[in-house]
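Subject: Handover of a structure, with notes on its pockets and the DNA strand

Dear colleague,

I am passing the structure below on to you, and my notes on what was found in it follow directly after. Please read them with the structure open beside you.

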Amino acid sequence: MKTVGIVCFRNDLRLADNLALAAAVQDCDFVLPIFIWEAKDSWAEGGASRWWLHHSLCEFSRSLKELGAKLIIAKGNFKSTLLPLTSELKATRVYWNRRYDPFGRREDAEAEKALQATGVLVKSFNSSLLHEPHLVLTKSGGPFKVFTPFWNNCSTRIDIEDIKRPPRSITPPEAAIASLSVGDLALEPKIDWASGIRAVWSPGEKGASEQLEVFIDEMLEHYQYGRDIPSTDQVSRLSPHLHFGEIGPRQVWLAINKACVGASKSSELRKSADIYLKEIGWREFAHHVLFHFSDTADTPLHAKFKSFPWRKDDMQLKAWQKGQTGYPIVDAGMRQLWQTGWMHNRVRMIVASFLTKHLLISWHEGSRWFWDTLVDADLANNTLGWQWASGCGADAAPYFRIFNPELQGEKFDPDGTYVRRWCPELNKLPSKWIHKPWKAPKDVLESAGVELAVNYPEPLVDHAFARVRALAALDSIKSRD
DNA sequence: TGAAATGTTGGGGCG
DNA sequence: ACGCCCCAACATTTC
């Protein structure tokens, strides 16, 4: 009797280092790859993510075809799509890589139970994290809530020797299985707003590995300094590829360490590599925190923040979203996000601090906006980042840490290259004033063609005022746990 | 993975 | 020569 297996793909759209796929190909005579587009109650993929997913699925489907298989596309509930398919195919095995987000865990658990009840063997694997979240615990048995001890605990026991290579070929079942096309999922925007995104990204496994290679060859050595200069993009830009599983953290880990072979511990390359791997560690940490505290996407980890006096101000929220706050570094970041689906991490921290501390608008508004506009929107990373920046989450920045957007701009974009790129109306301002046009002398503004409140806004709030207001608001919830 | 306020120090101008 | 003051420059603390 020949064995038929089904491999379910989700955010693991790659052939290499894909444990579920590798096991299915090894165990089964016939393998059916399927992608099920599930309807989600909340946190359904945003516009930019959907654009990415469309193209990633097209790429993945193409590369499966080269191995002889056809990616089946279906739409619906995970369990109730899978169950009839197993009986139709007489499949006795189902494979997938485990999900660790609340929705995914729930759906997978239900499907596993139902499949097992019908005698189907379910085999699941970890292809998206370096560790199983339930295996990284403090001495007292609880999850870590602070990054450094977390990373000290688990970065030292990562031992990756080799990764699974892509299968040479896949033999599909003989029966013809109905499938939608990728286009039928209607993931692409109806009006084409994605040109700016298209120009800078290549979704898919090939794009991911090329990006990793470029990062290692051209940027890794000076990453420790370059990573903070947003005009240079000396960063990996792997986040969307990692989110959709076009590359996995094990592959990144191995490649970075291979690039350091022969480099001494104190070399700049090795130092930079460790700082970069620590960012992979933050990704890991975020996923573990969401695993252990599964309501944090909607609820602050620190309970006292439930009573924080957030302001509701749609005008100011819109100004922030559109990059019209009057603080150039903030506006540049928000426009980069809108136009390219991505923002440099240094600038993410600045704009998040600005929304939650200067405007006192809830981190929920920020995480929702990022969710819709980022190509790398990831529930775990997005949640941790916003809770961290606003002070209510794991390893939160102390509440008094309020970024001064003027100083941050001058420190990390000293000649204003980043601001000039995304706020062209400020292009002619001298560097001295590029991060504080409201302070510039009249004649300087005039000769640069900048008219405050006409072609570039006045600051939405005064920094000194906003700082005092934020401190007072934070003081009002002090020790109210 | 801050910034502002406050404290300390030491060189130089000046009577 | 000496003390006094000013104020960068740097360090510490506070928010």
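Predicted model: local features only at pLDDT ≥ 70, side-chain atom pairs only at ≥ 80, totals over all residues.

**The largest pocket**

The largest pocket holds about 1,200 Å³ of space. It is lined by 41 residues, and the closest of these to its centre are Glu-279, Trp-282, Arg-283, Asn-345 and Arg-348. Which helix gives the largest share of this lining? That helix is α11, from which nine residues come, while α9 (239-243), α11 (268-292), α14 (345-358) and α16 (379-390) each supply at least two residues. By type, the lining of the largest pocket divides into 21 nonpolar, nine polar and eleven charged residues. Because domain 2 (129-162 + 206-292) and domain 3 (303-480) both give residues to this lining, the largest pocket lies between them.

**The second largest pocket**

About 740 Å³ of space lies in the second largest pocket. Its lining is made up of 41 residues, of which Asn-11, Lys-40, Arg-99, Asp-101 and Gly-104 are the closest to its centre. At least two lining residues come from each of β2 (30-37), α4 (102-117), α9, α11 and α16, and the largest share, four residues, is that of α4. The lining of the second largest pocket divides into 15 nonpolar, eleven polar and 15 charged residues.

**The surface near DNA strand B**

DNA strand B is surrounded by 14 residues, the closest being Trp-282, Phe-400, Arg-401, Phe-403 and Asn-404. Of the atoms of DNA strand B that come within 4 Å of the protein, 68% belong to sugar and phosphate. The surface near DNA strand B takes at least two residues from each of α11, α14, α17 (405-412) and α20 (463-476), and its residues divide into seven nonpolar, three polar and four charged.

With best regards

Methods. Residues numbered from 1 in each chain as written. Chains lettered and ligands numbered in written order. Heavy atoms only, no water. 1 Å grid on protein atoms, 1.4 Å probe; cavity = no way out; pocket = protein on both sides within 12 Å on 5 of 7 lines; lining within 4 Å. Points joined across faces, edges and corners; volume = space filled by probe spheres on them. Nonpolar A, V, L, I, M, F, W, Y, C, P; charged D, E, K, R; others polar. Domains from an automatic or database assignment. Near = heavy atom within 4 Å.
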